[in-house]
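Hi there,

Here is the structure I promised to pass on to you.

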Amino acid sequence: MTEKKTSLSRRNFLRNAGVTAGTLVATSTLPSFNAVLFAAVKRNTKGPWYGIAIDIEKCIGCGTCAKTCKIENNVPQEPFFFRSWVEQYTIRKDGSLKVESPNGGIDGFTQSVPADQIEKTFFVPKMCNHCAKSPCVQVCPVGATYETEEGIVLVDEKYCIGCKYCIQACPYGCRYFHPDKHVADKCTLCFHRIKKGLNPACMDNCPTKARISGDLNDPESAISKFIRTKNVYVLKPHLNTGSKLYYNALNQEVR
Amino acid sequence: MNPEFEHLYQALSKVDGFIYPNEIELSWSILIVLYPFITGLVAGAFILASLERVFNVKSLRPTYVIALLTSFAFLLVATMPLIFHLGQPLRAWEIMMTPHLTSAMAIFGFVYLWYLMIVLLLEIWFDYRYDLVLWARESTGVKKWLYKALALGSDDISPKSVKLDQKLGYIVTVIGIPSAFLLHGYVGFIFGSIKANPWWSTVMMPIIFLFSAMVSGIALVMLLFIIINKVRKQKIDMLCLDTIAKYLFYIIIIDFTMESLDQIHRFYEAEESFEIIQLLISGHLNFTLLVMQVGIGMFLPLTTLGILQFYKPAEKVRQLLYFITGVLVLIGIFFMRWNVVIGGQLFSKSFLGFTSFKLSLIGPEGFLMASIWLIVPFFILAFLLWLFPPWKKTEMEH
């Protein structure tokens, strides 16, 4: 009896060890199941890795970027759909804040605060931050929103089911629901132009060259130098989205 | 002006403060309010059924089958509002075929199917198998064949087979309890894991959703229990009704504590979003949160049920009070879902302003369509009660 027990328990031990080892091997080969550690994914260090830089000191609020974007990317003209827009911030002398973005700044701005009450005012162009740990990519239930190896966040419009979860997840309000295509839509950093070696339309058309984009992996690129030499800041850093849109001279009031 | 965008131009004129220009239209409307409401009823009703079976609360026996069938009827409809709110409903199956595993939403299909196929269907089948065999023998015509088909070829009514049914049914219920927790806790996680939205992003969300689900599910079964007995002109088992009300009372206390804790924590920490949330509660959600959810849906039922724990008026009076309480609780939980889903989208993620929401009457996301999704489960339930009348079942000890 004793002998039998021993052999049984040994067999049990071997079986359990086998199951444990098998499970470990199986799970280690399934990185896609690493769902909980989404934000721990390493950034791409080979090849171009795109980021954007905007110099707030250079922006004059003409709205050309927003207008160009709508034309270049066929974004619906109604004032509810934007891949790119400009916000006007005005801080009054009493410390209160006024923010406006009529039609995304496409038609330009008029200052609604009387001049004698203004402490300071500036423009903040907004667009997709092409985050390295994008909340929108994380939550897409079918993987229709994805990040290219160049670090650009795109939507596969033939695959998107239109659940709008990504719109909820974007902290920056950069996504909208396309009224005709019935899928989520957003800035592609003019992927079609980048692939041809061109700049995004908003960057090429900015009259003051307030915005640039380029390869963050290349230390000699204009954007890498911009980030090195200026006091840059990203929006909502506490959310750890890995935003790759760097602003120079960003006021803390901007959200 | 393109009439398609008329409501958006109206909403644009009502914007209060500053919102990002893409935030004028709410992405999730009434259908997504229904989704947690309906799944909550499913999970809550099931948990009431398991109280009887697993935790051996004998006085709840008369509600066991009603609770199971209610849970089933609502589960069948639970996905409909979801599918119909999609921009591309025909691609809905992609969520099952190619789930993106970092997405909380991607798992819903599997959680749902698990719950439907493994838990509810199996439990109902094991509970009814013996009766299905008997009814197949007794009935004639189409009904006979229907029962025969539903018995899946089983024709054994020996005591041994019944014992096996009960054993397997018990195992399924034991698996079912964590599954019900999973189903609704998970729905809470869909909202609670959105870090961009401070109104949603709380670790308490799954727990709050779970307990509010139990509250709504128990209230619904209590209502149905009263209604079914009245319609059938049967005397209501008051011990059973009092027991349901007692559990409802306890769960409301837990739910209320959890929700209060969440809000107190939010207000005490007073993070970046503090001011906008304060404005949200005192302004846009003033009526739906303070009056409907907390006042009508929580304080009134809590007070009524609390008093009824100590003071027991005549049966008729108690029945009436329980009925009213059940209705109020359901309204309250509906508005809880409303305040989470709609409330969370009213303020801008810039925390600098609000958009507005107007529920339209018609259209796929309108009031009428939403009402249909709420009424259909009752028709399904009526059909189920006709096909599987709990009162014609052979009484068996669990």
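Helices (H or I, at least four residues) and strands (E, at least two) are DSSP runs, numbered from the N terminus. H2(B) covers residues 30–53, and its 24 residues should span 34 Å at 1.5 Å a residue; the end C-alpha atoms are 35 Å apart, which agrees. The expected span is 1.5 Å times one less than the number of residues.

Before you read on, please note that this is a predicted model: local features need pLDDT of at least 70, side-chain atom pairs count only at pLDDT 80 or more, and totals for chains, interfaces and linings use all residues. Residues are numbered from 1 along each chain as its sequence is written, while chains are lettered from A and ligands numbered from 1 in the order in which they are written.

**A helix crossing in chain B**

Helix H3 (residues 64–85) and helix H8 (residues 205–231) of chain B have axes that come within 10 Å and cross at roughly 115 degrees. Axes are lines fitted to C-alpha atoms, for helices over the stretch in contact, and angles run from 0 to 180 degrees between N-to-C directions. On the H3(B) side the contact uses Ile66(B), Ala67(B) and Thr70(B), and they meet Leu220(B), Val221(B), Leu224(B), Phe225(B) and Ile228(B) of H8(B). Residues are in contact if their C-beta atoms, placed from the backbone, lie within 7 Å. By class, the residues of this contact between H3(B) and H8(B) are seven nonpolar, one polar and no charged. Nonpolar covers Ala, Val, Leu, Ile, Met, Phe, Trp, Tyr, Cys and Pro, charged covers Asp, Glu, Lys and Arg, and the others, Gly among them, are polar.

**Where the chains meet**

Chain B gives 37 residues to the contact and chain A gives 42. On the side of chain B that touches chain A, the elements that give two or more residues are helix H1 (6–13) and helix H4 (94–97) of chain B. That side of chain B divides into 20 nonpolar, 10 polar and seven charged residues.

**The four-stranded sheet in chain A**

Chain A has an open sheet of four strands in the order S9-S1-S11-S10, with mixed pairing. Its edge strands are S9 and S10 of chain A, each pairing on one side only. Two strands pair if DSSP finds at least two bridges between them. Helix H7 (residues 222–229) of chain A packs on this sheet and touches S1, S9, S10 and S11 of chain A, with its direction at about 110 degrees to that of S9(A).

Strand S1 (residues 50–55) of chain A is mostly covered, with six of its six residues buried. Tyr50(A), Ile52(A) and Ile54(A) lie on one side, Gly51(A), Ala53(A) and Asp55(A) on the other, and all are buried. With strand S9 (residues 211–215) of chain A, S1(A) pairs in the antiparallel sense over five bridges; there Gly51(A) stands opposite Gly214(A) and Ile52(A) has Ser213(A) as its bridge partner. S1(A) also runs parallel to strand S11 (residues 245–248) of chain A, joined by four bridges. In S11(A), Leu245(A) stands opposite Ile52(A), and Asn248(A) is the bridge partner of Asp55(A). Asn248(A) is also the bridge partner of Val232(A), where strand S10 (residues 232–233) of chain A and S11(A) run antiparallel with two bridges.

A second open sheet in chain A has three strands in the order S3-S2-S4, with antiparallel pairing. The twist of this sheet averages 20 degrees from one strand to the next. Strand S2 (residues 84–92) of chain A pairs with S3(A) over four bridges, with Gln88(A) bridged to Glu100(A). Helix H2 (residues 64–73) of chain A packs on the sheet, touching S2 and S4 of chain A.

Lastly, Asp107(A) lies in the loop between strand S3 (97–100) and strand S4 (118–127) of chain A. Asp107(A) counts as exposed because it has 12 C-beta neighbours inside 10 Å. Beyond its neighbours within four places in sequence, Asp107(A) is in contact with Gly63(A) and Pro102(A).

Best wishes

Terms used
Two residues are in contact if their C-beta atoms, placed from the backbone, lie within 7 Å. A residue is buried if 20 or more other C-beta atoms lie within 10 Å of its own, exposed if 12 or fewer, and partly exposed in between; C-beta atoms are placed from the backbone.
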